[in-house]
Amino acid sequence: MHHRESDAVGTEGGHGSAPAIGSYTYKEYVELANRFHGYPAPGIIVGGFMVAAAKDRLPPDILFDAISETCWCLPDAVQILTPCTAGNGWLKILDLGIFAVSLYDKSSGRGVRVALDGEKVSAYSEIAAWFLKLREKKDQDSELLAEQIREAGPAVCSFESVCIQEAFLQKRSKGNVGACPVCGAVYPFKHGSKCRLCQGQTPYSSREALS
Ligand code: ZN
């Protein structure tokens with residue numbers, strides 16, 4: 001059957017029936033994912049099939065935005081395969097913990113939601129073991145997992161037509177900005193009378209000025 005790679009997600013297309021992911025060959029996508037994401041995580045390969053399948057279901061030539069319902073892997077698949085990035089604001093990343101992504105017309109909000117389906121994965125032992133955490137990571141067969149992901153493609157996904165809530169369609173805007181009266185950082189006044197760092201939302205345990 002398939003030619004076996006020594007480890008992780010193989011880049012070979014098996015016996016010539018490798019599916020494409022967007023405009024890339026499977027192999028090209030895995031290489032891109034590897035470079036962008038640091039390693040070819042299962043989620044970014046599955047995510048590639050998901051994003052490509054969602055894109056296929058959108059009308060051609062529309063300007064679309066994306067919402068990822070998880071912070072894990074999927075946002076990177078969106079950023080590899082579409083012009084939507086976290087930085088340009090066309091990709092919104094919600095920490096809902098659900099492995100699903102929507103692509104939608106940025107003015108009408110109409111689009112397609114694709115989710116990795118907890119029932120459909122049961123047809124693929126290793127995808128199920130990985131997605132549903134049925135086994136410890138060390139007891140998962142990463143080679144077989146890669147093979148099954150490639151074989152399944154979007155068959156493990158469910159698709160919905162969606163319309164995005166108005167509040168999510170609004171353009172991001174900082175509004176007026178100015179110096180925080182406590183620390184001096186320039187911040188958006190809509191955050192309150194001082195910046196969010198000074199309101200206690202700080203990731204730092206210490207800060208010291210460097211010359
Ligand atoms: Zn401040």
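Predicted model: local features only at pLDDT ≥ 70, side-chain atom pairs only at ≥ 80, totals over all residues.
The zinc ion is held by four cysteines. Its protein donors are the SG atoms of C180, C183, C195 and C198. They lie 2.3 to 2.4 Å from the ion. The angles among the four donor atoms run from 105 to 115°. The site is tetrahedral. Along the chain, the donors follow the spacing C-x2-C-x11-C-x2-C. The site also links distant parts of the chain, through C180 and C195, which are 15 residues apart. C180 sits in the loop between strand 8 (177–179) and strand 9 (186–188). C195 belongs to the segment after strand 9. Both C180 and C195 are buried.

Helix 2 spans residues 42–56, and helix 5 spans residues 142–152. Their axes come within 10 Å and cross at roughly 5°. Angles under 35 degrees count as roughly parallel. Helix 2 and helix 5 are therefore roughly parallel to each other. On the helix 2 side, the contact is made by P42, I45, V46 and F49. On the helix 5 side, L145, I149 and R150 take part. Of the residues in this contact, six are nonpolar, none is polar and one is charged.

Y29 lies in helix 1 (residues 26–37). Its relative accessibility is 0%, so Y29 counts as buried. Y29 and I45 are 16 residues apart along the chain, and their C-alpha atoms are separated by 8.0 Å.

Two residues stand out by their backbone angles. Most residues other than glycine have a negative phi. C73 is not a glycine, yet its phi is positive, at about 60°. This residue is placed in the loop between strand 3 (64–68) and helix 3 (74–81). K133 is also a residue other than glycine with a positive phi, in this case near 50°. K133 lies in the loop between helix 4 (125–131) and helix 5. Are these residues buried or exposed? C73 has a relative accessible area of 13%, so C73 is buried. K133 has a relative accessibility of 70%, so K133 counts as exposed.

Conventions:
Residues numbered from 1 in each chain as written. Heavy atoms only, no water. Axes fitted to C-alpha atoms, helices over the stretch in contact; angles between N-to-C directions. Helix = DSSP H or I, 4+ residues; strand = E, 2+ residues; numbered from the N terminus. Parallel < 35°, antiparallel > 145°, perpendicular 65-115°, else oblique. Contact = heavy atoms within 4.5 Å. Nonpolar A, V, L, I, M, F, W, Y, C, P; charged D, E, K, R; others polar. Donors = N, O, S within 2.8 Å, 3.2 Å for Na, K, Ca; no water. Tetrahedral: all angles 85-135°; square planar, octahedral: opposite > 155°, others 65-115°. Buried < 20%, exposed > 50% of the residue type's maximum accessible area, 1.4 Å probe, protein only.
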